[in-house]
Amino acid sequence: MSSIQNGLQATFQIGELAKRTALSIDAIRFYERRKLLPPAPRSAGRFRLYTPDAIERLRFVRRMQGLGFSLQEIKELIGVRVDRAHACSAVRQFLKTKVADVAVRIRELQQLESELKTDLLKCNRALKQQRGKTCTCPVLEGEERASNA
C-alpha cells in the first residue's frame, strides 16, 4: 500500500511520488539534496513519507525549469512563494531578467544561424563548381587557415 494516513494528511512513499510527478526516484532525491524539496519525514520503517505538497512543489520546479530558470533561481523563487503578499514584484523582476537573457540568447542563435548559412552556401558553391567531383571543403580549409594564422 503506497498511501499511508499520517494524522489528517495522506502520505506516500517515494515510488508513488515518482509516479504522480513523472519523475524518477533519483530525480526526486536530487531535488531533495539541492534543497528544492524539503526533507520528508520518515516512517517507523525509515521510509520517506511525502504529502501532496511535495507533488505541487516538484511540478513547480519542473515548470520553472521549462521556463529556463536555473536550480538556484528556482530555489530563490520557492523562497519568494513563502511571502505571497510581496511575491508578485519579486517574480516580476525574475521574469524581466529571464526575458533579457532570452533576448541575448536569441541574438546569439541568430548570429550562429547566419554563420551556418554562409558556410552552407560556400559548400554549395564548391560542389556546384566541381560538378560532383571531389573537392576540398572551403569551410574546413577556411578553418585550417584561421587556426594556422
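Of the 149 residues of the protein, 23% count as buried, where buried means under 20% relative accessible area, exposed over 50%, and partly exposed in between (1.4 Å probe, protein chains only). The model is predicted: local features need pLDDT of at least 70, side-chain atom pairs count only at pLDDT 80 or more, and totals for chains, interfaces and linings use all residues. Residues are numbered from 1 along each chain as its sequence is written, and side-chain values use heavy atoms, with hydrogens and water left out.

**The whole chain**

Colour the model by pLDDT, the predictor's confidence in each residue, from 0 to 100. The mean over the protein is 87, and 89% of the residues reach 70 or more. Confidence is lowest in strand β1 (residues 3-6), with a mean of 51, and highest in helix α2 (residues 25-33), with 95. Where pLDDT is low, the predicted coordinates should not be read in detail.

Next, colour by secondary structure. The protein has six helices and two strands; helices (H or I, at least four residues) and strands (E, at least two) are DSSP runs, numbered from the N terminus. From the N terminus on, the order is β-β-α-α-α-α-α-α. Contact means heavy atoms within 4.5 Å; of the contacts in the protein with a separation of 6 or more, 42% are between residues 24 or more positions apart.

**Strand β2 and F12**

Select F12, which lies in strand β2 (residues 9-12). Is F12 buried or exposed? F12 is buried, with a relative accessible area of 1%.

**Helix α1**

Move on to helix α1 (residues 14-21). Its buried residues are I14, E16, L17, A18 and T21, and the buried residues of α1 pack against β2, α2 and α3. After α1 comes A22, with a positive phi near 60°. Most residues other than glycine have a negative phi, and most peptide bonds are trans.

**The loop between α2 and α3**

Select K35 and R46. K35 is in the loop between α2 and α3, and R46 is found in the loop between α2 and α3 as well. K35 is not a glycine, yet has a positive phi of about 65°; R46, also a residue other than glycine, has a positive phi near 75°. K35 counts as exposed at 63% relative accessibility, and R46 is exposed with a relative accessible area of 56%.

**Helix pairs**

Two packed helices are described by the angle between their axes and the distance between the axes. Axes are lines fitted to C-alpha atoms, for helices over the stretch in contact, and angles run from 0 to 180 degrees between N-to-C directions. Angles under 35 degrees count as roughly parallel, over 145 as roughly antiparallel, 65 to 115 as roughly perpendicular, and the rest as oblique. A crossing is left-handed if the near helix is turned anticlockwise from the far one by less than a right angle, and right-handed if clockwise.

Begin with α1 and α3, which pack at an angle of about 45° with their axes 10 Å apart. The two helices are therefore oblique to each other, and their crossing is right-handed. Show side chains for L17, R20 and T21 in α1, which meet A54, I55, L58, R59 and R62 in α3. The residues of this contact divide into four nonpolar, one polar and three charged. Here Ala, Val, Leu, Ile, Met, Phe, Trp, Tyr, Cys and Pro count as nonpolar, Asp, Glu, Lys and Arg as charged, and the others, Gly among them, as polar.

Next, select α3 (residues 52-66) with α4 (residues 71-82): the angle is about 130°, and the axes are 10 Å apart. α3 and α4 are therefore oblique to each other, and the crossing is right-handed. On the α3 side the contact is made by E56, R57, F60, V61, M64 and Q65, and on the α4 side by L71, I74, L77, I78 and R81. These divide into seven nonpolar, one polar and three charged residues.

Finish with α4 and helix α5 (residues 87-130), whose axes come within 9 Å and cross at roughly 160°. α4 and α5 are therefore roughly antiparallel to each other, with a left-handed crossing. E73, E76, L77 and V80 of α4 make the contact with A87, A90, V91, F94 and K98 of α5. Six of the contact residues are nonpolar, none polar and three charged.
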